[in-house]
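This briefing is intended for a reader meeting the structure for the first time.

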Amino acid sequence: TVTLSVDASDAPRKIFHAQLRIPAKPGTLTLYYPKWLPGEHGPTGPITDLTGLKFTANGKTLKWRRDLLDGYTFHVEVPEGESEVTADLDYASAVASEPGYSSSMSATEKLYVLSWNTLLLYPAGYGSDQLTYTASLRLPAGWKFGTSLHVASQAGNDIHFEPVSLTMLVDGPVIAGEYLKVVALTASSEGPPTEIDVAADSAAALDAPPEVWEHYRNLVKQAGILFGAQHYTNYHFLLTLSDHVAHFG
């Protein structure tokens with residue numbers, strides 16, 4: 001199990017901080033930054049926006065080096081007697097449109113689309129289904145959020161999520177913002193809860209006519225009729241209403 005703490009309190013400045021606590025044993029610990037991502041059709045992990053990387057154990061700085069052949073791979077030297085490595089890193093979100101889906105613009109002064117793959121490392125030797133991540137997120141004061149991840153607890157701006165596999169974590173982005181509206185798309189008698197979480201750069205942008213939400217409610221109903229089942233416990237559509245973030249699924 002890896003513990004991942006993300007601090008997005010600097011989201012309006014497009015700078016994000018993360019700390020990971022990774023189980024380890026003495027010797028060389030090999031870690032990867034995600035390169036191949038679901039829904040992205042190439043090795044588009046935004047490694048060029050990763051910065052501030054530092055590894056410690058019990059407060060002592062560890063020696064590490066980047067792999068000579070693969071820039072997404074890091075080798076950390078773990079001393080005798082240590083069983084956990086702490087990795088600190090920063091992610092500088094793009095400020096101009098770039099190719100690469102989640103590596104492109106994902107934050108404004110008022111909202112943020114958190115793609116977990118931009119803020120984590122994972123140890124070599126395991127498939128993504130074999131790794132469990134316990135993630136937490138700190139948001140700017142007053143911001144709200146939406147995600148399909150299950151929340152274990154929340155205290156003010158700090159949200160702690162239930163442990164999930166690395167596969168499910170990367171597949172569960174978070175949308176957050178100062179202006180965020182949650183619209184229920186199903187009634188309690190209509191099966192798994194379904195909602196649309198909408199973030200915008202202004203309060204006025206969230207003021208859609210009622211028929212707009214009815215279109216989405218009809219979409220959910222028709223999908224149920226078409227497929228005959230809902231293979232999920234809850235469903236969150238995440239929608240940004242902004243001219244300043246990239247268009248990606």
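Is tyrosine 33 buried or exposed? In this predicted model, tyrosine 33 has a relative accessible area of 1%; the limit for a buried residue is under 20%, so tyrosine 33 is buried. The protein chain as a whole comprises 2 helices and 19 strands.

**Overall form**

- The radius of gyration of the protein chain is 19 Å, close to the 18 Å that the globule rule gives for 249 residues, and the chain is therefore as compact as a globular protein of that length.
- The C-alpha trace spans about 60 × 40 × 35 Å along its principal axes.
- Buried residues make up 42% of the 249 residues in the protein chain.
- Among the contacts with a separation of 6 or more, 69% are between residues 24 or more positions apart.
- The protein chain exposes about 12,900 Å², of which 53% is supplied by carbon and sulfur atoms.

- An open sheet is formed by 3 strands in the order 9-16-12, with antiparallel pairing.
- Strand 9 (111-114) and strand 12 (144-147) are at the edges; each has a single partner strand, so one side of each is left without a neighbour in the sheet.
- From one strand to the next, the twist averages 15°.
- Strand 9 and strand 16 (residues 174-177) run antiparallel and are joined by 4 bridges.
- Tyrosine 112 has alanine 176, in strand 16, as its bridge partner.

**Aromatic pairs**

- The count of aromatic pairs, with ring centres within 6.5 Å, comes to 10.
- The ring centres of phenylalanine 16 and tyrosine 112 are 4.0 Å apart and the ring planes stand at 15°, so this pair is stacked.
- Phenylalanine 16, in strand 2 (residues 15-23), and tyrosine 112, in strand 9, are 96 residues apart, and their pair links distant parts of the chain.
- Phenylalanine 16 and tyrosine 112 are both buried.
- The rings of tyrosine 33 and tyrosine 72 also form a stacked pair, because their planes lie at 25° and their centres are 6.4 Å apart.
- This pair likewise links distant parts of the chain, 39 residues apart: tyrosine 33 lies in the loop between strand 3 (27-32) and strand 4 (50-57), and tyrosine 72 in the loop between strand 6 (64-66) and strand 7 (73-78).
- Tyrosine 72 has a relative accessible area of 12% and is therefore buried.
- Phe55, Trp64 and Phe74 are linked into a cluster by ring pairs.

Terms used. Residues are numbered from 1 along each chain as its sequence is written. This is a predicted model: local features need pLDDT of at least 70, side-chain atom pairs count only at pLDDT 80 or more; totals for chains, interfaces and linings use all residues. Side-chain values use heavy atoms; hydrogens and water are left out. Two strands pair if DSSP finds at least two bridges between them. Axes are lines fitted to C-alpha atoms, for helices over the stretch in contact, and angles run from 0 to 180 degrees between N-to-C directions. Rings of Phe, Tyr and Trp (its six-membered ring) pair if their centres lie within 6.5 Å; planes under 30 degrees apart count as stacked, over 60 as edge-to-face and the rest as tilted. Buried means under 20% relative accessible area, exposed over 50%, partly exposed in between (1.4 Å probe, protein chains only). The radius of gyration is taken over C-alpha atoms; the globule rule is 2.2 Å times the number of residues to the power 0.38. Contact means heavy atoms within 4.5 Å. Accessible areas come from the Shrake-Rupley method with a 1.4 Å probe; for residues, only the protein chains shown count as cover.
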